[in-house]
Amino acid sequence: MKITGVEATPVAVPFRTDEVWAFGRRRGQVVVLVEVHTDEGLSGIGEAAAYPSTDVVRAALGALEPLVVGEDPRNIERLTKRVEVIGTWHHMQQNSPALAAVDMACWDIIGKVCGQPLVTLFGGRFRETVDFFYYVSGADPEEAAEQAAEGAERGFGTFYLKVGSPRPRSDIERVAAVRRAVGPEAGIRVDANEAWSSGTAIRVLRAMEEHGLELAEQPVSGRNLAEMAYVRSRVDTPLLANEASWTRYDQLEVIRHGAADVISVDNQMDGGLLNLKRSAGICDAAGVPVLKHSLGELGVGLAAALHVMASTPNFIYANQAYSSLLADDVLTEPHVYTEGRLPVPQGPGLGVALDRDKVRRYAEAYARDPGGYAFHDRQRTADSTPLPRL
Ligand SMILES: [Mg+2]
């Protein structure tokens, strides 16, 4: 079997409410859907996060296509290693979502050839369902509490808030409001996206700890692991590495520096599902739990990661996904949460199929306004004070 082509389709699906964080705003999710076609008529589907932009991903896919055409999609180690040594593909981060999408589509083909869901090929069902957080994007305490109450009503047990705003007091007030809304047992996770200095991180996290925190995600720069280790030594809340842990090599450094209690891992940022499994293995050997980070995804990318999360023991925390923000999806059978958890698809490969009408509709939405769903927001970027924030 040989790969004959890689087809890329950017789509834009709106959020129900805007996503707002320390230095940006998004009103919907753009991803590049990828189909890998073969000479035997079998195709696989994948999905690339539009990181750092849709144009960069499309260009990377264009550069990748001649490197994989003619290769057997079942030889994923050979295929990805070959790509990594050609040109500068070993500089992984900017190119990674493109390679991750091709890897995903190849795995879909392999699963279809074997007649097995990927979870079986990745080690089998360690767990039947996978836990996810509820994304609370509300910008003020009342709105955040309302959204969190809605998530609690739907059975979610972990609530995620962006913090690191120019007014730390408002972040603390949102945490307090969410705690009142979700009750004493639920997990509240805060993500500062590196916004704080170490002094601010310690002061603000200690104030938030009065309301109970599950994890504090990347409170300070991910490039200074000694600073992370210092903050970790001064607060009671376990730290979660994210911007510090994009690739396997970064994760190894976080472990060496004792910079975090939990580590984010992501196939989109590190070249595919095999590397996601490897990341979890590196952390497992160090006794560190992991959770799946998300740059935002639709149902294809979520399905792919589900197979690895379900088959890998140390995914013990609620994982990230954008489903609670999305107004729609592109699958014939969208993922349905029960008590904040998703079952692993049963069918062969990824176990999901594209709804072609929806793909067409959201491809048109992207084409009408390609810049409208970008990661940045000009006004918010202009208003933002420099980091770290005091
Ligand atoms: Mg994060």
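Helices (H or I, at least four residues) and strands (E, at least two) are DSSP runs, numbered from the N terminus. On that basis, Gln218 is found in the loop between β8 and α8. This is a predicted model, in which local features need pLDDT of at least 70 and side-chain atom pairs count only at pLDDT 80 or more, while totals for chains, interfaces and linings use all residues. Residues are numbered from 1 along each chain as its sequence is written, and side-chain values use heavy atoms, with hydrogens and water left out.

**Domains**

- The domain assignment, whose bounds come from an automatic or database source, gives domain 1 (3-117 + 356-383) and domain 2 (119-343).
- Taken over C-alpha atoms, the centres of domain 1 and domain 2 are separated by 22 Å, and their contact (heavy atoms within 4.5 Å) takes 43 residues from domain 1 and 45 residues from domain 2.

**Magnesium site**

- The protein donors of the magnesium ion (N, O and S atoms within 2.8 Å of the metal, or 3.2 Å for Na, K and Ca; water is not among the atoms, so sites may look incomplete) are Asp191 (OD), Glu217 (OE) and Asn242 (OD1), lying 2.0 to 2.3 Å from it.
- Along the chain these donors follow the spacing D-x25-E-x24-N, and the pair of Glu217 in strand β8 (residues 215-217) and Asn242 in the loop between β9 (239-241) and α9 (248-257) links distant parts of the chain, 25 residues apart.
- Both Glu217 and Asn242 are buried, where buried means under 20% relative accessible area, exposed over 50% and partly exposed in between (1.4 Å probe, protein chains only).

**Aromatic pairs**

- The structure holds 10 aromatic pairs, counted for rings of Phe, Tyr and Trp (its six-membered ring) whose centres lie within 6.5 Å, with planes under 30 degrees apart taken as stacked, over 60 as edge-to-face and the rest as tilted.
- Phe156 and Tyr337 form a tilted pair, 5.1 Å centre to centre with 50 degrees between the planes; Phe156 lies in the loop between α5 (141-153) and β6 (158-162) and Tyr337 in the loop between α11 (299-310) and β12 (341-343), so the pair ties together parts that are 181 residues apart in sequence.
- Phe156 and Tyr337 are both buried, and elsewhere ring pairs link Phe15, Phe133, Tyr135, Tyr160 and Tyr322 into a cluster.

- Gln218, although not a glycine, has a positive phi of about 35 degrees, and at 0% relative accessibility Gln218 counts as buried.
- Glu194, in the loop between β7 (187-191) and α7 (198-209), likewise has a positive phi, of about 70 degrees, and is partly exposed, with a relative accessible area of 23%.
- The peptide bond from Tyr51 to Pro52 is cis, with omega near -5 degrees, and Pro52 is found in the loop between β3 (43-49) and α1 (54-68).
- Thr237, in the loop between α8 (225-234) and β9, counts as buried at 4% relative accessibility.
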